[in-house]
Amino acid sequence: MEVRVEHLEGPDAGIVLLGLDRPLAKNALGRELLTQFRQSLAALRLDATVRVVVVHSLVQGIFCAGADLKERTTMSPAETAAYVQGIRDAFDELEDLPMPTIAAIEGGAFGGGLEMALAADLRVVGSEARMGLVETALAIIPGAGGTQRLPRLIGISRAKELIFTARRIGAEEAERLGLINQLVAVGEALSAALALAREILSNGPLAVRLAKQALDGGSQLSLTAGLAFEQACYAQVIATKDRLEGLAAFREKRKPHFRGE
């Protein structure tokens with residue numbers, strides 16, 4: 001198995017670890033890894049018990065090296081186009097998961113590896129991580145969402161600089177640019193991502209999903225249209241049992257017990 005899915009239990013029930021495990025190729029995005037990754041995402045999408053997904057690496061010193069260039073050298077131009085489309089589709093599917101997603105990054109995240117992280121909602125990074133969209137150094141361009149997601153995150157001018165130069169940056173610079181959410185000590189990215197996931201886990205599951213829907217959908221609209229979209233999302237929580245439970249818990253000064261209903 002090149003992608004390993006672990007459903008946590010006990011107080012962490014609802015958190016899922018999605019681990020990349022292709023050590024001999026530094027988690028390069030080969031056809032088999034992509035197939036398993038997309039199959040895992042499809043299963044998670046339909047599982048109402050999943051509250052947060054944490055994408056991480058089971059290979060020490062690397063998050064993901066990007067596209068599998070060894071496989072690509074054997075492909076025709078048509079096969080290459082289909083392969084890149086498959087990577088693009090995989091990251092779209094990651095971005096479109098209804099629950100929050102967190103990328104826990106240690107080591108390198110280059111090319112498609114960084115594009116995968118950009119498709120997650122949040123990024124937690126160990127201090128010795130390095131990352132970059134390095135495709136122009138290979139006479140290609142980021143083709144799995146990098147030219148679109150990076151400027152939306154850090155601004156068009158900074159994104160152009162990183163992509164035009166194929167620069168590899170460290171974790172501290174990534175934090176300064178606003179590319180990541182949390183910078184932590186080396187080796188602590190997964191535990192910090194889990195702590196963040198637990199914070200999310202304590203809140204109403206339907207509310208969190210609808211908040212993500214409102215944020216993602218509304219950010220692509222004008223302010224007027226975005227406000228209307230937010231209103232439509234809010235309307236869906238009004239009739240939920242969780243909303244009433246939240247009010248009761250506040251009134252009774254106790255911890256709420258949300259059921260996702």
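User: How many helices and strands does the protein have?
Analyst: This is a predicted model in which local features need pLDDT of at least 70 and side-chain atom pairs count only at pLDDT 80 or more, while totals for chains, interfaces and linings use all residues. Residues are numbered from 1 along each chain as its sequence is written, and side-chain values use heavy atoms, with hydrogens and water left out. Helices (H or I, at least four residues) and strands (E, at least two) are DSSP runs numbered from the N terminus, and the protein has 11 helices and 10 strands.

User: What radius of gyration does the protein have?
Analyst: The C-alpha trace spans about 60 × 45 × 35 Å along its principal axes. The radius of gyration is taken over C-alpha atoms, and the globule rule is 2.2 Å times the number of residues to the power 0.38. For 261 residues a compact globule would come out near 18 Å, which agrees with the value for the protein, 19 Å.

User: What percentage of contacts between residues at least 6 apart in sequence join residues at least 24 apart?
Analyst: Buried residues (under 20% relative accessible area, against over 50% for exposed and in between for partly exposed, with a 1.4 Å probe and protein chains only) make up 47% of the 261 residues. A contact means heavy atoms within 4.5 Å. Among contacts between residues at least 6 apart in sequence, the share that joins residues at least 24 apart is 67%.

User: Which residue in S9 is the bridge partner of Arg130?
Analyst: S8 and S9 pair over 2 bridges, in the antiparallel sense. Within that pairing, the partner of Arg130 is Gly170.

User: How many residues of strand S2 are buried?
Analyst: In a regular strand, side chains alternate between the two faces of the sheet. For S2 both faces are covered, with Ile15, Leu17 and Gly19 buried on one side and Val16, Leu18 and Leu20 on the other. Strand S2 (residues 15–20) therefore counts as mostly covered, its number of buried residues being 6 of 6.

User: Which residue in S3 is the bridge partner of Val16?
Analyst: S2 is joined to S1 (residues 3–7) by 5 bridges in the antiparallel sense, where Glu6 stands opposite Leu17. S2 is also joined to S3 (residues 52–57) by 6 bridges, and these two run parallel. In S3, the partner of Val16 is Val53.

User: Is Thr101 buried or exposed?
Analyst: Thr101 is found in strand S5 (residues 101–105). Leaving aside neighbours within four places in sequence, Thr101 is in contact with residues including Val53, Leu94, Asp121 and Lys212. Because its relative accessibility is 0%, Thr101 counts as buried.

User: How many residues apart in sequence are the parts tied together by Asp121 and Lys212?
Analyst: The side chains of Asp121 and Lys212 meet in a salt bridge (a side-chain nitrogen of Lys or Arg within 4 Å of a carboxyl oxygen of Asp or Glu) at 2.9 Å, N to O. Asp121 lies in the loop between helix H4 (112–119) and strand S7 (122–126), whereas Lys212 lies in helix H9, so the pair ties together parts whose separation in sequence is 91 residues.

User: Is Lys212 buried or exposed?
Analyst: Lys212 is found in helix H9 (residues 205–218) and touches, among others, Glu95, Pro98 and Thr101, not counting residues up to four places away in sequence. Because its relative accessibility is 8%, Lys212 counts as buried.

User: In which helix does Arg198, the partner of Asp12, lie?
Analyst: The structure holds 14 salt bridges, including one between Asp12 and Arg198, whose closest N and O atoms are 2.8 Å apart. Asp12 lies in the loop between S1 and S2, so the pair ties together parts 186 residues apart in sequence, with Arg198 in helix H8 (residues 189–201).

User: Which residues make the nonpolar surface patch of about 250 Å²?
Analyst: Accessible areas come from the Shrake-Rupley method with a 1.4 Å probe, and for residues only the protein chains shown count as cover. Patches are made of residues with over 30% relative accessible area and no salt bridge, like charges being joined within 9 Å and nonpolar side chains (Val, Leu, Ile, Met, Phe, Trp, Tyr) within 5 Å. The protein exposes about 13,400 Å², of which carbon and sulfur atoms supply 56%. The nonpolar patch is made by Leu69, Leu138 and Ile140.

How values were computed. Two strands pair if DSSP finds at least two bridges between them.
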